[in-house]
Amino acid sequence: MDEAEIKSHLTTTSFGQTVFAFSVLDSTNSKAKALVSDGVPDGTVVIADQQTAGRGRLGRTWISESGQNLTFSLIIRPAISPSHIGILSLYAGVAVASGLKNLTGKSPTCKWPNDVLFVQKKCCGILSETVFSGTTVSAVIIGIGVNVNQAVFPEILSTKATSLFLTCGKPFDRSVVLAELLKQLEEYYTYIQSGMFETIIDNWKRYSHMLGSSITVDQDGEVLHGTATRLADDGGLIISSEGKEVKVRAGDVTVIL
Ligand code: BTN
């Protein structure tokens, strides 16, 4: 995908209007981090057809077939305090879920903090990384990987991963998918910029069925069991466990069915 093709589908006013498109990069998040110090504007997008060292949450790698999917990073410069950074994970998950719903007519779900699934299988992963200037937030890089046209996944992922192609039985134009996701990301960003975090949380709840469920959270090998009760206004997940409420900021959640 080149810059002209991407721009021809955009309906946004700022998101994606500055775009750096590459055929190969190590990681779009790493490239975006380097660009932040060059002073690129809010809404800048870095995209690659192939990543050689795509990064996932919790130190994992992100594997994505070259030229089949979307791997991109959005640079935002939100007016937000460091204590509310966690809300940005929910923001990105909700915006992507909303875009994927519009594109497919199906019902994606959000899994805390920001995976987007179709029928319990992951279609999108998001890695948010914050760049600080002293103690203030200078920029946040929202790295988004969406499985678009990939039809076959490596054995280790095959029971856990899906794509738009596998969900709908037809291929999608990646630049159309990107344009819809950027539209939703730009729309939901207005809630971030006006401090309407409750609206983000309310929308996240529309896309998630995990509140009220029994879950386990794996935090670096330490496993917590409990009931997911609610979201904190900073985006943390509140779990009731052994009669106590615990706030979780990161980790891998499994819903016990
Ligand atoms: C996860 O689910 O663990 C998050 C995966 C995030 C992957 C995306 S692909 C584009 C961006 N660049 C990266 O290196 N990672 C993110």
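**Ligand, sheet and pockets**

Reply: In this predicted model, an oxygen atom of the ligand has a polar side-chain atom of Lys122 at 2.6 Å.

Me: Which residues are the closest of those that surround the ligand?

Reply: The ligand is surrounded by 20 residues.

Me: Which strands are the edge strands of the open sheet?

Reply: The open sheet has seven strands with mixed pairing, in the order β1-β2-β3-β7-β6-β5-β4. An edge strand here pairs on one side only, and this holds for β1 (19-25) and β4.

Me: Which residue in β7 stands opposite Phe72?

Reply: Strands of a sheet pair through backbone hydrogen bonds, in either a parallel or an antiparallel sense. Between β3 and β7 the sense is antiparallel, with seven bridges. Opposite Phe72, the residue in β7 is Ile144.

Me: Which element supplies the largest share of the lining of the largest pocket?

Reply: The largest pocket has a volume of about 1,300 Å³, and 45 residues line it. Elements that each supply at least two of its lining residues include α2 (28-36), β3 (70-76) and β7 (136-146). The largest share, five residues, is that of β6.

Me: How many charged residues does the lining of the largest pocket have?

Reply: Lys111, Asp115, Leu117, Lys122 and Lys160 are the lining residues nearest the centre of this pocket. By class, the lining comprises 18 nonpolar and 18 polar residues, and the charged residues number nine.

Me: How many residues does β6 give to the lining of the second largest pocket?

Reply: The second largest pocket holds about 410 Å³ of space. It is lined by 21 residues, with Gly86, Ser89, Pro113, Arg249 and Ala250 the closest to its centre. The elements that give two or more residues to this lining are α3 (87-104) and β6. The largest share comes from β6, with four residues.

Note on methods
Residues numbered from 1 in each chain as written. Predicted model: local features only at pLDDT ≥ 70, side-chain atom pairs only at ≥ 80, totals over all residues. Heavy atoms only, no water. 1 Å grid on protein atoms, 1.4 Å probe; cavity = no way out; pocket = protein on both sides within 12 Å on 5 of 7 lines; lining within 4 Å. Points joined across faces, edges and corners; volume = space filled by probe spheres on them. Nonpolar A, V, L, I, M, F, W, Y, C, P; charged D, E, K, R; others polar. Pairing = 2+ DSSP bridges. Near = heavy atom within 4 Å. Polar contact = N/O pair within 3.5 Å; in protein donor to acceptor, adjacent residues only side chain to side chain.
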